[in-house]
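User: I have not looked at this one before. Can you walk me through it?

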Amino acid sequence: MLGVAAIRRPRTPSGWIVPGLLAACCVFLLVGSLSSSLFAQQTVSGLANGGIYASLGVALVLIYRATQVINFSQGALATFTTYVAWQLMSWGLGYWPAFVLTLGIAFVGGIAVELVAIRPVERRGNVLTVVIASIGVLILVEGAVGWIWGSEVKFMPSAFPARAIHVGGVAFSLQDLGTIGVSIAAVVVLWALFQFTKVGLAMRAAALRPEAARLVGVRVSWMLSLGWGLAAVLGAVAGMMAAASPSVLLQPSMMDGVLIYAFAAAVLGGLESAAGAVVGGLAIGALLNLLGSYVSWVTPQLLLPAAFVLMLVVLLVKPSGLFGRTQVRRV
Amino acid sequence: MPPLLALRDVEARYGPLRALHGVTLEVEEGEIVALLGANGAGKTTTLRAVSGTVRRGGRVELAGRPLAREGPETVARLGVAHVPEGRGTFSELTVWENLRLGAITRRGRLDGDLRRVLGFFPWLDGRRNQQAGTLSGGEQQMLALARAMMQRPRLLLVDEPSLGLAPLVVAEIFRIIRELNEREGTTVLLVEQNARHSLAVAHRAYVLETGRVAFGAPTEELARNESIRKSYLGY
Amino acid sequence: MRARLAWQLAVIAGVAVAIALLPFGLSDYHRSQGADVAVYVMAILGLNIVTGYTGQISIGHGAFMALGGYTTAILTHDHGWNDLATLPVALAVGFGAGVVVGVPALRFHGAYLALVTFAVALAVPQLAKNYSHFTGGTEGLALPTHTGLWLYGVGWAAAVILYVLTWLLLRGRTGRAFRAVRDSEIAAASAGVNLAVHKTLAFGISAAFAAVAGSVYVLVNNFVNPDVFGLQLSLYVLIGAVVAGLGSLWGILAGAAFVQLLPIGLTSSHAVSSQAVPVIFGAIVVLVMALIPRGSAEVLRAALGLPIRIRSGHHSSTPHSLEAR
């Protein structure tokens, strides 16, 4: 019949830089962990932070892929749902029931925000007015948290007992390992949803080519709302894990900094690749933590500017992200 | 019995530009009707008006039921499959996913539909996991038709299927369209620049001129009428 | 035409007189609040130039205000300068910083630029906290106090000067060039407008204004520390600009008054607790975007002017009419 002449853009020598860098990173982390238990511990707790950045980063990618909107309120929404979880627990609900219920509330909440605040703006304006609207939502939601619950720091219980487990003679915090596990599980479940279910396929189609999706009967605007709902669920996971970690306190501005790290992670993935955001998040988490422990002049306050510089460099040098999509071209 | 599709004085505009000035036509169930005319005559816009992709005025009726300014999603769910200009395939998704999307609004298993579709396009079977964008132009066009078939449409709208394709492929595609119509009884409204091919498969044809129907007639009549052929159809 | 111009001049004169006379009817405390309104006027004026007139969105103007504020604070506190003399220095420093930022900003458009400037707004306070031997760290630096009247006078004098400068600038060739850049970069470039120069210039000017605003802000509060110039300040300047209506000089006064006075008005009348203010502000931003985006959208869509799918920050704006909407 007709020959298929398909060309995937060949991997040029420079195309190996990124996978090479990644491999080098992994080797570095592995070797370091094997030679020093402090290194191993810092790597693991860095990866735990990274898991949080990855979850929030994937949430950002979800919304960006579907609508080209950078959702500045993602962190604030995560904070709000985390407070909801706290409230449920303070009313006596057990951790995991509260966790699950919060995910459900986050899902509904995300859809509600899209319907009430984003949809009306989208109808009238363009992407940038929606971005500003998302900033409005950020201000509103963070303000609402302070209004409802006050701005004093609260204590968030964790799912994982504050024990350490010993692997190969090194003590690792169960909290850290649990965070990594939960974050990865959340992202994997979401991935499975997109790959294997009808709804997932419809959502992917709606994000890729909304007009063509409409022609097969996909209700594109519902898919967008669903996307916001799912993003909010991921944000809730990130928020609950963050609040339980020792380095983050439960307060209204809790996720402001995390949002920047999540942006950096998403940018590493080119804002369109969830896998890129995951790898980016984990890498940022691990490397920043190691940087902070081993390099003396890197104080905790410098970490955020460091992430910013990283994000800036990626955006200037390779805006399609470290994992820019391979193009498919026909001859 | 009302015609499957009826357009009465349909208007459409792109911003300030009026594309359709009052199109009236009918498509009976089981027919293949061709829409012919020069570039810019409004053929594509007419299909878009039917599928709801463009905002329109006037009446569009599907089997007697008027379609009220519905969006394309609703019209698609009513049994109208639109294969647009440029095919509308999802290049980033696999062949299999493209086909699944055709049936996305229906419940139940897809086996039966799939078998039917593979009956027309057996070569698709081996390419399930191939990215749709890596298919050749002709193959993508056929994938688009296959996907439309998965929708089990009452009415199939096809826009410029021969665009950019080699003559052999074009012949194949038109053969398949006719087969679809004969074997499955699918009603087809076809827009095509290439008058010769369209008249070969269609039962009736309308000629559009600057957003209006100039005239419509059964294809044998059109083919016989030399002056019409020369002035409107170019051959 | 003549009548309209006369009417406009009359309104301006009226407003100017009102502003000049107002402090004499107010308490010292309220006068310093009036000075705060002047601060917002200058900051919003600056933001308007870069976002409203050349279409480059910036959510990080708090950082430029911090620059000006710390310049004033350090010069007065550590080097004994006269406060007023620091204002031109802040202007210059701000301009320099704006140009330095404006050059890489050329590579980003729309939402990406918003993202980068948002990160700057968060990163700068962290840097200020870190290099505490310059900045006094979290305890901050204290500054000499002044009477409310003095602050009001200085603040509004600066604001009026900057306002007039802006008006003159926008009337001339530069202003036309700015507007051309906002409306369509492609058209502007083909008409011979040097995009890079004008966009960077806009950033420089806008940062200079924000720096002066920051200086006055620090004088009003007679104190500075990193949290003063946090994210909230950048966001509030943005709110003021949005409410004011980007791309027009008229609403700026209203926007500044709105951002500064509404919270105070609401809380002192005990209508609403102070915690609820951000909620109201956020809701207003969303409402403005949903209901009156045209004023801002006209400008903001040119700020983005992106093709529907953007995969890199490299694209130049496409005119609105070419977008497939």
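Predicted model: local features only at pLDDT ≥ 70, side-chain atom pairs only at ≥ 80, totals over all residues.

User: Which chains share the most contacts?

Analyst: Chains A and C do, of the two pairs of chains in contact. Two residues are in contact if their C-beta atoms, placed from the backbone, lie within 7 Å. Chain A puts in 42 residues and chain C 51 residues.

User: Which element of chain A gives the most there?

Analyst: α5(A), with 16 residues. The elements giving two or more residues to that side of chain A are α4 (95–124), α5 (127–149), α10 (254–268) and α12 of chain A. Helices (H or I, at least four residues) and strands (E, at least two) are DSSP runs, numbered from the N terminus.

User: What classes of residue are on that side of chain A?

Analyst: The side of chain A that touches chain C has 27 nonpolar, eleven polar and four charged residues. Ala, Val, Leu, Ile, Met, Phe, Trp, Tyr, Cys and Pro count as nonpolar, Asp, Glu, Lys and Arg as charged, and the others, Gly among them, as polar.

User: How many residues of chain B are in contact with chain A?

Analyst: 28 residues of chain B, and they meet 20 residues of chain A. Helices α2 (72–77), α3 (95–102) and α5 (137–150) of chain B each supply at least two residues of that side of chain B. By class, the side of chain B that touches chain A has nine nonpolar, 13 polar and six charged residues.

User: And how far apart are the closest C-alpha atoms of chain B and chain C?

Analyst: They lie 10 Å apart, and no contact joins the two chains.

User: New topic. What is the strand order in the open sheet of chain B?

Analyst: The order is β2-β1-β4-β5 (chain B), four strands with antiparallel pairing. Two strands pair if DSSP finds at least two bridges between them. The edge strands, each pairing on one side only, are β2 (17–27) and β5 (65–66) of chain B. Eight bridges join β1(B), residues 5–14, to β2(B); in one of these pairings A6(B) has E26(B) as its bridge partner in β2(B).

User: What packs on that sheet?

Analyst: α1(B) does, touching β1, β2 and β4 (56–62) of chain B, and its direction makes about 70 degrees with that of β2(B). Axes are lines fitted to C-alpha atoms, for helices over the stretch in contact, and angles run from 0 to 180 degrees between N-to-C directions.

User: Why is α1(B) largely enclosed by the rest of the structure?

Analyst: Eight of the nine residues of α1(B), residues 43–51, are buried, so the helix is largely enclosed. Buried means 20 or more other C-beta atoms within 10 Å of a residue's own, with C-beta atoms placed from the backbone. Among the buried ones are L47(B) and V50(B). G52(B) follows the helix and has a positive phi near 85 degrees.

User: How many residues are between β9(B) and β10(B) in their hairpin?

Analyst: Two, and T210(B) in the turn has a positive phi of about 40 degrees.

User: Last one: is L303(A) buried or exposed?

Analyst: L303(A) is buried, with 22 other C-beta atoms within 10 Å. L303(A) is in helix α12 (residues 300–317) of chain A. Not counting residues up to four places away in sequence, L303(A) touches L288(A) and G292(A).

Definitions and conventions:
Residues numbered from 1 in each chain as written. Chains lettered and ligands numbered in written order. Buried ≥ 20, exposed ≤ 12 C-beta atoms within 10 Å, placed from the backbone.
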